[in-house]
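Hello,

Here is the structure I said I would pass on. My notes follow below it, so please read them with the coordinates open.

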Amino acid sequence: MPVTLNPSSADTRKFTVAAIQAEPVWLDLEGGVQKTINLINEAAAAGAKVIGFPEIFIPGYPALTAMANDVLTARPVIAEFHANSLPLHSPEMERIKAACKENAVNVVLGFSERDGASLYIAQVTITQDGNIANHRRKIKPTYYEKTIFGDGSAQSVYNVVQTPYGRVGSLNCWEQIQPWLKTHFYAQQPQIFVGGWCPAFPPGLGGSAYINSAEANSRMSQMVSMEGGCFGLSCCAVVSEAGAEKMKIKGYPLFEFPGGGFAAIYGPDGSTLTAPIDPGEEKIAYASISLDKINEVKLAIDTVGHYSRFDLLRTVVNGKNYSPVSYGLPALQAYEDEKQNEVNNAASSATFVYRGQE
């Protein structure tokens, strides 16, 4: 089906995007919410229209604690993490939404979502009107994350939404090397994407594998930009000495503090648009972009357009959620379906192909 993008990928108007590199307020929901709002205010004051945050910025990334400790040592930290995770529908989220509306900015925020008694690695895209246009969960937690978080819901594969500055998508961490998820992602025509990352460290530190390094993670985000022909905001957390003490990860040979950061912004051709930032520094990366740079790339390679053969190879998607209980009476089932979709997901299966503004 023909797709009309508005604004198009030939639009020459310039605007500013921002990738956050900052330390979370570890294990502190209130502190994390306030720091998030402060960073939104700061980036907006610098002119940013699209702002990306790290993975699990609220209340900080916990899997390093699980990796570096035995269960008994890690348990009190993870319990405090659980208690300070952020419910989707909460006064705290309302304050973040209000900050987006007040500043007229579009924000992708990574957080630990508490849903009942379970936790999920979540992202929300909040548009400049203060509404959540997309709520998703990381479809498969990675490595030690599996000891803390559940799998993402099916609707999480719909992760690109329309904003006045283009179609903005979101991916968490190693979702950026999952081929089938990325194929579906590119099919949604992202023009800008936010790649949320946990802290990562130099290659080979303590004998760690290259694929776990900050350098490797940077290459993954850069590759999404090239494959998808979209601008990429690689956003990541840093860890101070004090943060490492609080999370009980100081002294573990695979980490070094202060460190963990590698924020950058990439063009659709894979070029790096920002200067390097010290891994231990809290700093916002900014870039002035225009969407017409996308067309310069897609003239040569459009992986879901002229440079594809979906008659030979294609991805089949099931994007429907199923609840633990279904009901025989249609009225009761309709009520349950409504509860399962409390956020009107602008990237749902019915709307993910954008065909122009009405």
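In soluble globular proteins, nonpolar side chains tend to be buried together.

Confidence comes next. The mean pLDDT of the chain is 93, and 94% of its residues reach 70 or more. The exception to note is residues 352–358, where pLDDT stays under 50; the model has 18 contacts for this stretch beyond four places in sequence. Where pLDDT is low, the predicted coordinates should not be read in detail.

Gly32 belongs to helix α1 (residues 29–45). Its relative accessible area is 1%, so Gly32 counts as buried. Beyond four places in sequence, Gly32 touches Val25 and Ile58. Ile58 is 26 residues from Gly32 along the chain, and their C-alpha atoms are separated by 5.4 Å.

Tyr307 sits in the loop between α8 (292–298) and α9 (330–340). Tyr307 counts as exposed because its relative accessibility is 55%, and the cut-off for that class is over 50%. Its contacts, not counting residues up to four places away in sequence, are Ala300, Ile301 and Asp302. Between Tyr307 and Cys235 there are 29 Å in space, C-alpha to C-alpha, and 72 residues in sequence.

On the surface, Val325, Tyr327, Leu329 and Leu332 form a nonpolar patch with about 370 Å² of accessible area together. Leu332 is found in helix α9, and with 41% relative accessibility it counts as partly exposed.

Some backbone details are also worth checking. Most residues other than glycine have a negative phi, and most peptide bonds are trans. Which peptide bonds are cis here? One joins Asn6 and Pro7, with omega about 5 degrees; Pro7 is in the segment before β1. Another joins Phe257 and Pro258, with omega about -5 degrees, and Pro258 is in the loop between α7 (241–246) and β10 (264–266).

Ala104 lies in the loop between α4 (91–103) and β3 (106–115), and counts as partly exposed at 32% relative accessibility. Gln189 has a positive phi too, of about 60 degrees, and is in the loop between α5 (179–187) and β8. Gln189 is buried, because its relative accessible area is 17% and the cut-off is under 20%.

Regards

Note on methods: Residues are numbered from 1 along each chain as its sequence is written. This is a predicted model: local features need pLDDT of at least 70, side-chain atom pairs count only at pLDDT 80 or more; totals for chains, interfaces and linings use all residues. Side-chain values use heavy atoms; hydrogens and water are left out. pLDDT is the predictor's confidence in each residue, from 0 to 100. Contact means heavy atoms within 4.5 Å. Helices (H or I, at least four residues) and strands (E, at least two) are DSSP runs, numbered from the N terminus. Buried means under 20% relative accessible area, exposed over 50%, partly exposed in between (1.4 Å probe, protein chains only). Patches are made of residues with over 30% relative accessible area and no salt bridge: like charges are joined within 9 Å, nonpolar side chains (Val, Leu, Ile, Met, Phe, Trp, Tyr) within 5 Å. Accessible areas come from the Shrake-Rupley method with a 1.4 Å probe; for residues, only the protein chains shown count as cover. A salt bridge is a side-chain nitrogen of Lys or Arg within 4 Å of a carboxyl oxygen of Asp or Glu.
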